Amino acid sequence: MIAAGLLAVFLVNLPALAQSPCDRRDSVIDLLEQKYREAPVAAGVTHQGSLVEVLTDEKSGTWTIIVTSPQGTTCLIFSGEGWRRLHQLAEEPEA
């Protein structure tokens with residue numbers, strides 16, 4: 001459910017992707033780690049093959065959503081404050 005919401009937000013804001021700061025994934029991750037102490041906490045792959053990641057610093061509550069294209073370019077999509085971890089609402093499916 002949350003993943004579908006994130007995907008919907010991403011698709012609605014595709015024009016923002018063209019204007020977002022972009023670089024190599026390792027450079028973006030290093031910058032967010034050093035400047036904001038954010039680390040990846042969730043990830044998923046879109047139908048187009050892009051990797052969507054959420055990075056947070058749970059102490060400060062900052063968060064960032066990045067997308068890495070299949071070609072390897074990573075762009076900052078959204079960032080903000082007030083990140084809260086939600087309790088799992090449904091049971092995880094058994095593998």
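A disulfide joins C22 to C75, with the two sulfur atoms 1.9 Å apart. The model that shows this bond is predicted. The structure holds 1 disulfide. In general terms, a disulfide is a covalent bond between the sulfur atoms of two cysteines.

Where do C22 and C75 lie? C22 lies in strand β1 and C75 in strand β5, so the pair ties together parts that are 53 residues apart in sequence. The torsion about the S-S bond of C22 and C75 is about 105°, so this disulfide is right-handed. Are the two cysteines buried or exposed? C22 counts as partly exposed because its relative accessibility is 39%, and partly exposed covers the range between the buried limit of 20% and the exposed limit of 50%. C75 has a relative accessible area of 7%, so C75 is buried.

## The sheet

Five strands form an open sheet in the order β1-β5-β4-β3-β2, with antiparallel pairing. Which strands stand at the edges? They are β1 and β2 (residues 39–45); each has a single partner strand, so one side of each is left without a neighbour in the sheet. On average, neighbouring strands are turned by 30° against each other, direction ignored. In general, strands of a sheet pair through backbone hydrogen bonds, either parallel or antiparallel.

| Strand pair | Sense | Bridges | Residues facing each other |
|---|---|---|---|
| β1 and β5 | antiparallel | 3 bridges | D23 and T74 |
| β4 and β5 | antiparallel | 6 bridges | T64 and S79 |
| β3 and β4 | antiparallel | 7 bridges | L51 and T68 |
| β2 and β3 | antiparallel | 6 bridges | A39 and T56 |

V54 also has a place in this pattern: V54 stands opposite I65 in β4.

## The hairpins

Three of these pairings are hairpins, taken here one by one. The hairpin of β2 and β3 has 5 residues between the strands, and G49 in its turn has a positive phi of about 90°. The hairpin of β3 and β4 has 4 residues between the strands. In that turn, G61 has a positive phi of about 85°. The hairpin of β4 and β5 also has 4 residues between its strands, and there G72 takes a positive phi near 105°.

## Inside the fold

In soluble globular proteins, nonpolar side chains tend to be buried together. What makes up the largest nonpolar core here? This core has 7 residues: V52, V54, W63, I65, V67, C75 and I77. β3 (51–57), β4 and β5 each supply at least two residues of the core. β4 gives the most, with 3 residues.

Leaving out residues up to four places away in sequence, V52 touches A42, A43, G44, T46, I65, I66 and V67. A second, separate core has 5 residues, including V28, I29, L55 and I66.

How covered is β3? The strand is mostly covered, with 6 of its 7 residues buried.

## The tryptophan pair

A search of the whole structure finds 1 aromatic pair.

Is W83 buried, exposed or partly exposed? W83 has a relative accessible area of 28%, so W83 is partly exposed.

Notes. Residues numbered from 1 in each chain as written. Predicted model: local features only at pLDDT ≥ 70, side-chain atom pairs only at ≥ 80, totals over all residues. Heavy atoms only, no water. Phe/Tyr/Trp six-rings, centres within 6.5 Å; stacked < 30°, edge-to-face > 60°. Buried < 20%, exposed > 50% of the residue type's maximum accessible area, 1.4 Å probe, protein only. Pairing = 2+ DSSP bridges. Core = buried A, V, L, I, M, F, W, Y, C linked by side-chain atoms within 4.5 Å. Contact = heavy atoms within 4.5 Å. Axes fitted to C-alpha atoms, helices over the stretch in contact; angles between N-to-C directions. Disulfide = S-S within 2.5 Å.
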